[in-house]
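The sequence and structure come first.

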Amino acid sequence: MAVHAVRLTTPATQLRGGISSNLSPSNRKLNTFVRYGCGSSKRYRFVTVLASLREDDANGRDKSVRAMEVKKILEDSPLLPKPLSSNQLAESVSSNGSRVRVAYQGVRGAYSESAAEKAYPNCEAVPCEEFDTAFEAVERWLVDRAVLPIENSLGGSIHRNYDLLLRHNLHIVGEVKLAVRHCLLANHGVNIEELRRVLSHPQALAQCENTLTKLGLVREAVDDTAGAAKQIAFEKLNDAAAVASAEAAKIYGLNIVAEDIQDDCDNVTRFLMLAREPIIPGTNRLFKTSIVFSLEEGPGVLFKALAVFALRQINLTKIESRPLRKHPLRASGGLKYFDYLFYVDFEASMADEVAQNALRHLEEFATFLRVLGSYPVDTTML
């Protein structure tokens, strides 16, 4: 018997061809409907698990007893998702034979869509209006995975997604690197000399600074590259072009006026593959682990934190600091300081004892520590 669909009853708006950002906050009740089907049968039955700890039940049992009963039901249920193995993380077909649904930010033709299809070949790529929407779509079972950008070799980190990693309870189960090749797109019949302005995402415009300056085009920032191409086509603009992908030109029927207009040919964006459950880390291939932690203020504290990896010959591939939100400034010695979160990637699997020991050591003096994921390294571009 296969699970055909799982959906939450908390209000959510799923638009045709994508998911809107109009997702309401989670309900305090766990109200999950699971639909079953056997073979090709059209008959389904629904099972409802309802847990509310806000009021006693009719038999007068106390909240703790009811909570334990619900917990046991959930633990015993064979329907709950199991952790993925590293061999399963790129599967594009779910257990019931349907294509894996993968959320990405943007509209059709976005680089994120290409990344999703590279991460999960033959998947059903689902466009989302915002990064937040993609995170929530996975959490609410509207999609199976999300593929979202985290850093670019020219533009640097996408700070919004670092913040969202901490806000949501998703796990990094993989990474994918995508070479970005920007094109200048315009409507058919429009010559490059007729162009006066160019639309695209701010990072894309920055990555093509030299070319756009030579052409004397006025930059106009929009939400994403493919959205710019869509706007040029739908509004039939004759004085404007878009910086977007060649795929976007095909989708929206635009002409490629110029190819490879990025300032640096080594323009690569790294995307994270996110899921509701972590994968089981292995040691049979090169793994990377991503963590986030915070420290007390003081001289040499960050040095001490990084030393736990250096002492064990663990290579760090990235470190990113972000101010701790909704936290007052710390006063020390008459000065005020921000509290910071440190995001670190290191080359080791959490299945390795050396990595486990490093995090035990870090946990001794870190005020906060969370493992975001331990996953295989994308070696396709090495």
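Is Arg270 buried or exposed? Arg270 counts as buried, at 5% relative accessibility. Buried means under 20% relative accessible area, exposed means over 50%, and partly exposed lies in between (1.4 Å probe, protein chains only).

## Basis

This is a predicted model: local features need pLDDT of at least 70, side-chain atom pairs count only at pLDDT 80 or more, and totals for chains, interfaces and linings use all residues. Residues are numbered from 1 along each chain as its sequence is written, and side-chain values use heavy atoms, with hydrogens and water left out.

Helices (H or I, at least four residues) and strands (E, at least two) are DSSP runs, numbered from the N terminus.

## Salt bridges

Side chains of opposite charge can pair when their charged atoms come close. A salt bridge here is a side-chain nitrogen of Lys or Arg within 4 Å of a carboxyl oxygen of Asp or Glu. The count is 16 salt bridges.

Arg270 pairs with Glu151, at 2.9 Å from N to O. Glu175 belongs to strand 9 (residues 171-179) and Arg270 to strand 15, so the pair links parts 95 residues apart in sequence. Glu175 is buried, with a relative accessible area of 5%.

## A loop-to-loop pair and a network

Asp260 and Arg181 meet in a salt bridge of 2.8 Å, N to O. Asp260 lies in the loop between strand 14 (255-258) and strand 15, and Arg181 in the loop between strand 9 and strand 10 (183-186), so the pair ties together parts 79 residues apart in sequence. Asp260 is partly exposed, at 37% relative accessibility.

Shared partners join salt bridges into one network of Glu151, Glu175, Arg270, Lys288, Lys318, Glu320 and Asp345.

## Helix 3 against helix 4

The axes of helix 3 (residues 131-139) and helix 4 (residues 159-167) come within 10 Å and cross at roughly 30°. Axes are lines fitted to C-alpha atoms, for helices over the stretch in contact, and angles run from 0 to 180 degrees between N-to-C directions. Helix 3 and helix 4 are therefore roughly parallel (angles under 35 degrees).

In this packing, Phe131, Asp132 and Phe135 of helix 3 meet Arg160, Asn161, Leu164, Leu165 and Arg167 of helix 4 (contact means heavy atoms within 4.5 Å).

Definitions and conventions: Parallel < 35°, antiparallel > 145°, perpendicular 65-115°, else oblique.
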